[in-house]
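Subject: Structure handover

Hello,

Here is the structure we talked about handing over. Please look through it before reading on.

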Amino acid sequence: MDALIPILNKLQDVFNTVGSETIQLPQIVVVGSQSAGKSSVIENIVGRDFLPRGIGIVTRRPLTLQLVYTPAEDKEIRCQHLGIPVPTQNEFALFAHQKDKVYTDFNELRQEIEAETERLGGKKNISKEPITLKIYSPKVVTLTLIDLPGITKIPVEDQPADIEQQVRDLILHYISNPNAIILAITPANIDFSTSEAVKFAKEVDPEGRRTLAVLTKLDLMDRGTDAYDVLCGRIIPVKLGIIGVINRSQEDILQKKPIEEALRYESAFLQKSYPSIANRNGTPFLAKTLNRLLMHHIRDCLPSLKARMNQMVSHFQTLVNSFGEPIEDKGRLLLQIITKFASNYCATIEGTAKNIEVSELFV
Ligand SMILES: Nc1nc2c(ncn2[C@@H]2O[C@H](COP(=O)(O)OP(=O)(O)OP(=O)(O)O)[C@@H](O)[C@H]2O)c(=O)[nH]1
């Protein structure tokens, strides 16, 4: 089962080059309102700071994030396989658009995501073209996530007037894929029944068969209230579950609080405030659940995926066959074409030429 996600990652690489529209691959898509905590959840799962932060819409291109569990002892073999120099650090990353550059400084990842976002989307526009980033680390569970722009309502500053529609179309494009698991992020300090993320998910997955909800900001709820009812599915049931997490606050980020420390705080907070359900909440539980869901999901999708691919292979094989036999000796063929062309050119000058079709040059 563990081999399924790497296989899928390879398929994703292939279909990113030939056009991801052609096939619907299983993937986890992260959806939520602006500032719901999407980037924080992803960074906690990876255990590193590497995503751009700021005001306004920061994520403006889909980010396909492939996490590949690589124990330190397997690093060398992995690098040989990838054809890259072996870095001294055990955590390293590669972008699909920069195959030969190995990143070990995660701050540089943030800069490259920003630069690559600007390359297609300029300073404010949204682009559908995904950025693909692979992170190899002994600290991650093997997982593929797609981070999308946050759901927004009103354009601010110089954002395009139709920004809401652009983001909506992009999100719907990804979550309409029947093979996508929707990770719907909602902050605990708003009424769960008004969650935009869950509303979006319900539009394409009314029975909730492929939606997992995440409740962030448990630490920011009004005093005297708690999230027991939401987390136990008594407000809106979500079939795959609702998992509560506590990420770093803005102050924690400004003070550069390490993620390890934040995870210890999260665990202590859950034990203290939600003792009876602490073991099925929190970031480590979320990462393991996503890994399990994705594997099972891939297994369930495989038969239809295989049928679709066989169909595509035979279609393209017919197309290739229509181009004729493969050319064995390219040099000889080129010489023949040039000779024919030259003699026809001479005949034209001498006035003895007959009309010649280009296709005849190849006979
Ligand atoms: N206290 C606390 N703050 C949180 C929590 N989750 C996120 N935040 C803060 O909320 C703000 C927004 O979090 P992000 O992770 O950037 O949210 P986002 O959904 O990625 O935002 P956009 O990319 O703008 O759509 C940041 O200042 C975070 O520090 C949480 O669980 N607790």
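The notes below go from the whole chain to single residues.

Overall layout. The model is predicted. The chain holds 11 helices and 8 strands, and buried residues account for 32% of its 363 residues. Among contacts with a separation of 6 or more, 73% join residues 24 or more positions apart. Two domains are assigned: domain 1 covers 24-305 and domain 2 covers 332-362. Their C-alpha centres are 62 Å apart.

Core. The largest nonpolar core has 65 residues, and the members that touch the most others are Val-29, Val-31, Leu-183, Ala-184 and Val-214. Strand β6, residues 180-187, is the biggest contributor to this core, with 6 residues. Leaving aside residues up to four places away in sequence, Leu-183 touches Ile-28, Val-29, Val-30, Val-31, Leu-212 and Val-214.

Ligand site. The ligand is surrounded by 22 residues, of which Gly-37, Ser-39, Ser-40, Gly-150 and Gln-250 are the closest. Two elements give two or more residues to this shell, α2 (38-46) and α8 (250-254). The largest share, 3 residues, is from α2. Sorted by class, the shell has 12 polar, 5 nonpolar and 5 charged residues.

Helix α11. This helix runs over residues 330-350. Its 21 residues should span 30 Å at 1.5 Å a residue, and the end C-alpha atoms are 30 Å apart, so the two values agree. The helix is hardly covered, with a count of 0 buried residues. Just after α11 comes Gly-351, with a positive phi of about 80°.

Backbone angles to check. Most residues other than glycine have a negative phi.

- Lys-217 has a positive phi of about 60°. Its loop lies between β7 (211-216) and α7 (228-231).
- Lys-256 has a positive phi of about 55°. Its loop lies between α8 and α9 (259-273).

Which of these is buried and which exposed? Lys-217 has 21 C-beta neighbours inside 10 Å, and the cut-off for buried is 20 or more, so Lys-217 counts as buried. Lys-256 has 8 such neighbours, and the cut-off for exposed is 12 or fewer, so Lys-256 counts as exposed.

Regards

How values were computed
Residues are numbered from 1 along each chain as its sequence is written. This is a predicted model: local features need pLDDT of at least 70, side-chain atom pairs count only at pLDDT 80 or more; totals for chains, interfaces and linings use all residues. Domain bounds come from an automatic or database domain assignment. A nonpolar core is a set of buried Ala, Val, Leu, Ile, Met, Phe, Trp, Tyr and Cys residues joined through C-beta atoms within 7 Å. Helices (H or I, at least four residues) and strands (E, at least two) are DSSP runs, numbered from the N terminus. Two residues are in contact if their C-beta atoms, placed from the backbone, lie within 7 Å. A residue is near a molecule or strand if its C-beta atom, placed from the backbone, lies within 6 Å of it. Ala, Val, Leu, Ile, Met, Phe, Trp, Tyr, Cys and Pro count as nonpolar, Asp, Glu, Lys and Arg as charged, and the others, Gly among them, as polar. The expected span of a helix is 1.5 Å times one less than its number of residues.
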